[in-house]
Each structure stands twice: as structure tokens, then as C-alpha cells.
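User: I would like to learn how to read a fold from its helices, its core and its loops. Can you take me through one case?

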Amino acid sequence: MNLSNCPQCGKVYVKNNYELCPSCLREIEDQYRKCVEHLRKNRGCTLQELSEGAGVPIRMITRFIREGRIATKDAPNVLTPCESCGELIREGTLCANCRAKLSRDVKHMHEDERRKEERHAGEFGSTYMKDRDKHDKHGPGNSN
Ligand SMILES: [Zn+2]
Ligand SMILES: [Zn+2]
């Protein structure tokens, strides 16, 4: 038998797929059921209203949404905070701003690498040098 400590309440329990003891699991299922019920009656409620109406902590509702147990289409006004800046968003874990910033940072990283490679290639005779040679051959004949 595989025993473990429940991360929620600290009690020793027989390990299962949910990594929670049966009583905490039941508690979460109960909270989930309350959320779904409240949403069925108040489809347009916000995260705050859902938390108060269902008596479920916001942290837990956020988790249900992230896990996809509560679909955002069933809760159109329940927004969850962006993990980076805290702005309320409809889907995912980051707001549009932070997502854009993140992809910009990644792009910058790639550009830096490319520039480094170019500089490296430049040390061993570059196309720039060849172009200048060609130009010099034309140059003197045409001027004067
Ligand atoms: Zn527990
Ligand atoms: Zn953000």
C-alpha cells in the first residue's frame, strides 16, 4: 500500500490519482458541484459573485477553470487573473499584454543569438568584403 500525506490537510492517506485524501477530495467535489449549481442559476455571474454565492474560495474556482472543469463558455463573466500582472482575463493563464511581451522576449532572445552568429561569421571574410572588391574594380574607370 502506498501511503502519502495529503497536501491539503496533512493527513496520511492511501495514494490515489488525485493526490488528495478522500475527505479533501470529497470537499473539492462538493465545492465544484456548488459552483456548477450556482452557474446554472446565475450564468452571468462574475468570479466574485460565484465565490460568494457558492461559498467557494476564488483560488479554487480559478483552479477548476484552469483544469477545464468549469468551461468558460458556461461562465462567460467569470474571469481569472493573469498569472503575471493580475489583470482579469477570460481564458488561459496570461493576458494578451503579457502573452505579447513573452513572445517578444523570446523573439529578442532569438535575435541576439542570430546577431552573435553573424558577428562570428564576419570574422572569417564576409560577403561584405567581396562586394567591396567588385565595386572597387568598377570605381576607378568610371570616375575622372
Ligand atoms: Zn486531506
Ligand atoms: Zn498580464
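User: What is the handedness of the crossing in which α1 passes α2?

Analyst: This is a predicted model. In it, α1 passes α2 in a right-handed crossing. Helix α1 covers residues 22-41 and helix α2 covers residues 47-54. Their axes come within 9 Å and cross at roughly 115°.

User: Which residues of α1 and α2 make the contact?

Analyst: From α1 come K34, C35, H38 and L39. From α2 come L50, G53 and A54. By type, the contact residues divide into 4 nonpolar, 2 polar and 1 charged.

User: How do I go from a helix pair to a core?

Analyst: In soluble globular proteins, nonpolar side chains tend to be buried together. Now the case here. The largest nonpolar core has 11 residues in all: C35, L39, L50, A54, V56, I61, F64, I65, I70, A75 and V78. Helices α1, α2 and α3 each supply at least two residues of this core.

User: Which helix gives the largest share of this core?

Analyst: That is α3, with 3 residues. Leaving aside its neighbours within four places in sequence, A75 is in contact with L39 and I70.

User: Next, burial along a helix. Which residues of α2 are buried?

Analyst: They are L50, S51 and A54. To read the pattern, look down the helix axis. The buried residues of α2 fall within an arc of 100°, so they line one face of the helix. They pack against α1 and α3.

User: Where do the buried residues of α3 fall, seen down its axis?

Analyst: Take the residues, then the view. In α3, I61, F64 and I65 are buried. Seen down the axis of α3, they fall within an arc of 100°, so one face of the helix is lined by them. What covers these buried residues includes α1, α2 and β3, which spans 80-81.

User: How is T62 classed, and why?

Analyst: T62 is found in helix α3. T62 has 19, so T62 counts as partly exposed.

User: How far apart are T62 and T93, in sequence and in space?

Analyst: Compare the two separations. T62 and T93 are 31 residues apart in sequence. In space, C-alpha to C-alpha, they are 9.8 Å apart.

User: Now backbone angles. What is the phi of the glycine just after α2?

Analyst: Check the residue that follows each helix. Just after α2, G55 takes a positive phi of about 70°. Helix α3 is followed by G68, whose phi is also positive, near 80°.

User: Which residue has a positive phi although it is not a glycine?

Analyst: One case is E19, with a positive phi of about 55°. E19 lies in the loop between β2 (12-14) and α1.

User: Let us step back. How many helices and strands does the protein have?

Analyst: There are 5 helices and 4 strands. Read their order from the N terminus: β-β-α-α-α-β-β-α-α.

User: What share of the residues counts as buried?

Analyst: Of the 144 residues of the protein, 12% count as buried.

User: What share of the contacts comes from residues 24 or more positions apart?

Analyst: Consider the contacts with a separation of 6 or more. Residues 24 or more positions apart account for 22% of them.

Notes. Residues are numbered from 1 along each chain as its sequence is written. Chains are lettered from A and ligands numbered from 1 in the order in which they are written. Axes are lines fitted to C-alpha atoms, for helices over the stretch in contact, and angles run from 0 to 180 degrees between N-to-C directions. A crossing is left-handed if the near helix is turned anticlockwise from the far one by less than a right angle, and right-handed if clockwise. Two residues are in contact if their C-beta atoms, placed from the backbone, lie within 7 Å. Ala, Val, Leu, Ile, Met, Phe, Trp, Tyr, Cys and Pro count as nonpolar, Asp, Glu, Lys and Arg as charged, and the others, Gly among them, as polar. A nonpolar core is a set of buried Ala, Val, Leu, Ile, Met, Phe, Trp, Tyr and Cys residues joined through C-beta atoms within 7 Å. A residue is buried if 20 or more other C-beta atoms lie within 10 Å of its own, exposed if 12 or fewer, and partly exposed in between; C-beta atoms are placed from the backbone. The arc is that of the directions from the helix axis to the C-beta atoms.
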